Amino acid sequence: MFWTHPVAQLSWSRHEPGWRAAVIKKLLLPTILALLIAGFWASAAFQVIAAGVAIFMFGMLMLEDGFKLFSGGFLERILAAATKTTSRALGFGMVATSLMQSSSLVSVITISFLSAGLITLGAGVAIIFGANIGTTTGAWLVAGLGLKVDISAYAMPMLALAIVLVFQSSKYLKGIGFVLAGMGFLFLGIHYMKTGFEDVQAGIDLTRFAMTGVAGLLVYTAVGAVATVVMQSSHATMVLTITALAAGQVTYENALALAIGSNIGTTITAMLGAVTANYQGRRLALAHLVFNLSTATVALILIRPLLASVNGIADATGIAPDDYTLKLALFHTLFNLMGVAIMMPLRHRLIAFLERTIPEPMPDVSKPLFLTDIVDEFPETLETALRNELRHLLENASETILHALNLHRHQLAATDDIAATVEASHAPFEIDVDAAYQQRVKVLHAAILEFTTRIGAIDLPAGTASRIHDLRDASSRVVSAVKAVKHMRRNVNRYTQVSHGTPTMVYNELRTEIARVIVALTELDKRDPATRSALWLDDERVQMHRDQTETIKVVEGLIRQGDLTPSEATSVLNDTAYAFSAMSNLLEAAKVIYAANTAAIAQVEDILSLDQEDAIELAREDADD
């Protein structure tokens, strides 16, 4: 193997799409590491500041891990209630970000839920708006508490309690432990950053790098954005800025610009989170970028009126004229509130812009639509995404089945007499059923199996894991239904193109029964999920088993009467079994796919619903009567 110089590799890669981004990504990490090592070598105080930032960010990671453990339907129910109205979605974004102390995490959660189809784009945009307001609480906590109280004294007992809880078997106790540890490390990080800047103040005056006027605003806004991109946290940038401001190492004017820049930089996390999302997730990431860029631009233009407002509110609320850290927190809140006040009336125009800029792609029905990497983060999103993908599979399978039976879905949906429509549809379709199965059904089934296998390694709540197992089995049932109808196609074409008397009548009846089930499932899919109930399927299942019993009796009677030749009788009996197997599998799969989402409703339905043996027994009892 010949050795290739890195420069040659880079030169060759320029002809590939995205080579610049790849080069920047490769060079960014070694550059950051080199700068950190140089800083460690030059200043002991810098080591303390860097360690403080690292501890603070580690605390944020632990907070995120802690909140992710509080799952199993809880977050989904909160989101469902919180996104019914725009004001609720806005409030959810504020509260969630205030609790989690991470607008980036809230953004990624929202993109994940939107990609899975749990919330609408309008609700996602409102959550992002609220998250920008919620992120300002971190500045208030640091400026109002972190710099005025020795919070490191609180960090130690929190960490001690946290380590006990983290090793508990209960995931909720473990989650509380991670949250406590996260808060403890946040406090500890703030303490070290504050100490580091105080040490710097003794020997170095960083204010000599201060810049005034428009140039200072633009340069320090860019610095704040870059710092946030590097640390992947606007909270960390704000804490660093506030502690530097408190130590006199950055001027108030430059600190304001750093705060504006941090809002711009935080959009990068959302953009990165949207890389593996579907088109809806990318729309939301673009909305985040548009909102933060617009807010930052307006804040820079209106910096003077905003400062006047800050001074007026500070005087009215008793904030000291020289308490610049609290004034910075107030400024951060004001310009984010201003951004929401400006953008909320324009929300519908923003959504229209997003839909134009990132149009919904023409769906490739042969590929998964919902099973993206972004939905793996949360149990609620992965279950909903899997359920939606199964609906996609059922849609593809239903169309393949109807085409194999020489039937059109739109004709069946428009008719009041399915039997007459089926009887009139005798011309064979020019369709390769095997190719349709491979492209539209088998590929999706393989993706579902791969997805369920991958998430099987995740520690999921017992209920979620059980439902995912049922959904995987349901996908296999859908595939079995298609395979059963594939076996019927040859005889369907043979006996329905031209009339063969009794065999044609039987095959038209079988086609009618399958068509009736698929039409019923299509109507079920269109129902409001809040009112949809899988119990309705029990009547269909019982009716199907009655029809199966009656059909077999009729066929046996026709055989005895000599209306069917032995060859015809064999074909009819085999295809009758295939037809009812297909219908049974479709109904059993639909029962799982359209199961109630609410735990209480699901439990009641589970008690009341019939299993397959019960349905068969009930059909037999009715037949005996």
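H392 counts as buried, because its relative accessibility is 8% (buried is under 20% relative accessible area, exposed over 50% and partly exposed in between, with a 1.4 Å probe and protein chains only). H392 sits in helix α19, residues 379–404 (helices are DSSP runs of H or I with at least four residues, strands are runs of E with at least two, and both are numbered from the N terminus). P368 is 24 residues away from H392 in sequence, and their C-alpha atoms are 8.1 Å apart in space.

This is a predicted model, in which local features need pLDDT of at least 70, side-chain atom pairs count only at pLDDT 80 or more, and totals for chains, interfaces and linings use all residues. Residues are numbered from 1 along each chain as its sequence is written, and side-chain values use heavy atoms, with hydrogens and water left out.

**The whole protein**

- The secondary structure comes to 28 helices and zero strands.
- Of the 625 residues of the protein, 49% count as buried.
- Take the contacts between residues at least 6 apart in sequence: 80% of them join residues at least 24 apart (contact means heavy atoms within 4.5 Å).

**Helix α12 on its own**

- The 13 residues of α12 should span 18 Å at 1.5 Å a residue, and its end C-alpha atoms are 18 Å apart, so the two agree (the expected span is 1.5 Å times one less than the number of residues).
- α12 is mostly covered, with 11 of its 13 residues buried; among them are H235, M238, I242 and L245.
- After α12 comes G248, which has a positive phi near 75°.

**Helix α12 against helix α17**

- Two packed helices are described by the angle between their axes and the distance between the axes.
- Helix α12 (residues 234–246) packs on helix α17 (residues 324–343) at an angle of about 150°, with the axes 9 Å apart (axes are lines fitted to C-alpha atoms, for helices over the stretch in contact, and angles run from 0 to 180 degrees between N-to-C directions).
- That makes α12 roughly antiparallel to α17 (under 35 degrees counts as roughly parallel, over 145 as roughly antiparallel, 65 to 115 as roughly perpendicular and the rest as oblique).
- M238, T241, I242, L245 and A246 of α12 meet Y324, T325, L328 and H332 of α17.
- By class, this contact of α12 with α17 has six nonpolar, three polar and no charged residues (Ala, Val, Leu, Ile, Met, Phe, Trp, Tyr, Cys and Pro count as nonpolar, Asp, Glu, Lys and Arg as charged, and the others, Gly among them, as polar).

**Helix α15 against helix α17**

- Helix α15 (residues 279–301) also packs with α17, at an angle of about 115° and with the axes 9 Å apart.
- On the α15 side, the contact is made by V290, F291, S294, T295, V298 and A299, and on the α17 side by F335, N336, M338, G339, V340, I342 and M343.
- The contact of α15 with α17 has nine nonpolar, four polar and no charged residues.

- Helix α24 (residues 502–526) has 25 residues and reaches 36 Å from its first C-alpha to its last, close to the 36 Å expected.
- α24 is mostly covered, as 18 of its 25 residues are buried.
- N508 lies in α24 and counts as buried because its relative accessibility is 13%.
- Leaving aside residues up to four places away in sequence, N508 touches V422, E423 and T496.

**N406 in a loop**

- N406 is in the loop between α19 and α20 (409–414).
- N406 has a positive phi of about 65° although it is not a glycine.
- N406 counts as buried, because its relative accessibility is 1%.
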